[in-house]
Amino acid sequence: MRYEVRSFHDSQQHAAAIQGWQQVYDQLGSGRLSSELFQVSGERFQVFHEVMDKRVVQHGNAPRQRFCMAFATGKSPIIQRGKVGSNSVLLLRDGEEFLLHAPERTAFLSLSVDLERLTRLADIELGTARFSQFVSLPGIHVPMRLLKEIKAQVCRSFDGSIRQGEHEVPALEKDVEDTLMSVLLDIFLQSHAEEKRSELAVSAYIVKKSQELALADPGGPLSVLDLCEGLRVSRRTLQNSFQRVVGMRPIEFLRCIRLNAVRRKLANSTLMESTVGDVAYEMGFRHLSHFSASYYKLFGEYPSETQRLE
């Protein structure tokens, strides 16, 4: 069983440290990011708690053959289907794609367990029909009292012996897995389905598709009218969608997405392979002085200061 507590100043390094998740974290809030990650992983389970002090958009896929649930312990984020309420639990299963817009100081607790074993246990406690209904949902409402109990129960599981360095004991790993399984079964027993697709979910979808269009042609210019034409929505709808979901203008948001792409390319290449100018031009930045200033404003460092591969 692996136990670790780490801190980061780069959103993608934070994302890559979470085991089993294929994901990209793009920083939107300006300044040097500071984040914290607590993580415990076993052969058939994972728990992690993350906190970031900047606005971040998270996009990727959940682990394969796992059932995952997560809920906010700080500010509530927005996912592709709508806003996460204070008593909402998000559900992902078996490599499912997700898109999440997290405001600054968002804190999230995530649990994942073996999908096959959970299915067997849930069939016994809930019945096949009821569990099948839950499995297909994006999220469920859970009583606040239960969420607080779950957080306390999960935290208790990692006090004592784990903190004393005895996390390699097989019996302890089994106890932790059983605790997480029980937590999920309790949630299903005391919850009800989220509301159907809302206006906010439509806005989140528009933001997601705009991001995909911007990255599909990274070297091309960013234009509100091009986005409106590609998505067949009005300028007002586009502007309102971005304001509602990310609190930013469309061009500002998409520029941040491309700046994050530049940062990842720089961090994963050597000085011999590509210059800052080459990477910036590839991602559509034609004026290096403007690009450098925007980069510094977002990340708190100039592109020449970003650590490269040796």
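Modeller: One term before we start: helices (H or I, at least four residues) and strands (E, at least two) are DSSP runs, numbered from the N terminus. Also keep in mind that this is a predicted model.

Colleague: Thanks! Where is Asp94 found, then?

Modeller: Asp94 sits in the loop between β9 (88-93) and β10. Its phi is near 45°, which is a positive value in a residue other than glycine.

Colleague: Okay. Is Asp94 buried, exposed or partly exposed?

Modeller: Asp94 counts as partly exposed, because its relative accessibility is 34% and that class lies between the 20% and 50% cut-offs.

Colleague: What about Gln65, what is its phi?

Modeller: Phi of Gln65 is near 60°, again a positive value in a residue other than glycine. Gln65 belongs to the loop between β5 and β6 (66-72). With a relative accessible area of 59%, Gln65 is exposed.

Colleague: Back to β9. How many of its residues are buried?

Modeller: Six of its six residues are buried, so β9 is mostly covered. Both faces are covered: one side has Ser88, Leu90 and Leu92, the other has Val89, Leu91 and Arg93, and all of these are buried.

Colleague: And which strands pair with β9?

Modeller: β6 is joined to β9 by four bridges, and the two run antiparallel. Within that pairing, Ala70 has Leu90 as its bridge partner in β9. Strand β12 (residues 139-141) also pairs with β9 in the antiparallel sense, over three bridges. There, Val89 has Ile140 in β12 as its bridge partner.

Colleague: What does β5 pair with?

Modeller: Strand β5 (residues 56-61) pairs with strand β2 (residues 22-27) in the antiparallel sense, over six bridges. In that pair, Val24 stands opposite His59 in β5. β5 also pairs with strand β10 (residues 97-102), antiparallel and over six bridges. Asn61 has Glu97 as its bridge partner in β10.

Colleague: Let's switch to the helices. How do α7 and α8 cross?

Modeller: The axes of helix α7 (residues 224-231) and helix α8 (residues 235-245) come within 9 Å and cross at roughly 100°. That makes α7 roughly perpendicular to α8, because angles of 65 to 115 degrees count that way.

Colleague: Which residues meet there?

Modeller: From α7 there are Val224, Leu225, Leu227, Cys228 and Leu231, and they meet Arg235, Leu238 and Gln239 in α8. The residues of this contact of α7 with α8 divide into six nonpolar, one polar and one charged.

Colleague: Nice. Which residues touch the most other members in the largest nonpolar core?

Modeller: Those are Leu118, Ile140 and Phe188, in a core of 35 residues. Helix α5 (residues 170-189) gives the largest share of this core, nine residues.

Colleague: What is Phe188 in contact with?

Modeller: Leaving aside neighbours within four places in sequence, Phe188 is in contact with Phe67, Leu91, Leu118, Leu126, Arg130, Phe131, Phe134 and Ile140. There is also a second, separate core of 34 residues, which includes Ala214, Cys228, Met248 and Ala261.

Colleague: Now Arg117: is it buried or exposed?

Modeller: Arg117 counts as buried, because its relative accessibility is 14%, under the 20% cut-off. Arg117 lies in helix α2 (residues 115-125). Beyond its neighbours within four places in sequence, Arg117 is in contact with Arg44, Lys174, Glu177, Asp178 and Met181.

Colleague: Last stop, the segment after α11. What does Thr306 touch?

Modeller: Thr306, found in the segment after α11, touches Arg263, Leu266, Tyr295 and Glu301, not counting residues up to four places away in sequence. Thr306 is buried at 7% relative accessibility. Thr306 and Arg264 are 42 residues apart in sequence and 9.6 Å apart in space, C-alpha to C-alpha.

Colleague: And Glu301, what does that touch?

Modeller: Glu301 touches Arg263, Tyr295, Tyr296 and Thr306, with residues up to four places away in sequence not counted. Glu301 is in the segment after α11 (288-299). The C-alpha atoms of Glu301 and Leu227 are separated by 30 Å, with the two residues 74 apart along the chain.

Colleague: Great, thanks for the tour!

Key. Residues numbered from 1 in each chain as written. Predicted model: local features only at pLDDT ≥ 70, side-chain atom pairs only at ≥ 80, totals over all residues. Heavy atoms only, no water. Pairing = 2+ DSSP bridges. Axes fitted to C-alpha atoms, helices over the stretch in contact; angles between N-to-C directions. Parallel < 35°, antiparallel > 145°, perpendicular 65-115°, else oblique. Contact = heavy atoms within 4.5 Å. Nonpolar A, V, L, I, M, F, W, Y, C, P; charged D, E, K, R; others polar. Core = buried A, V, L, I, M, F, W, Y, C linked by side-chain atoms within 4.5 Å. Buried < 20%, exposed > 50% of the residue type's maximum accessible area, 1.4 Å probe, protein only.
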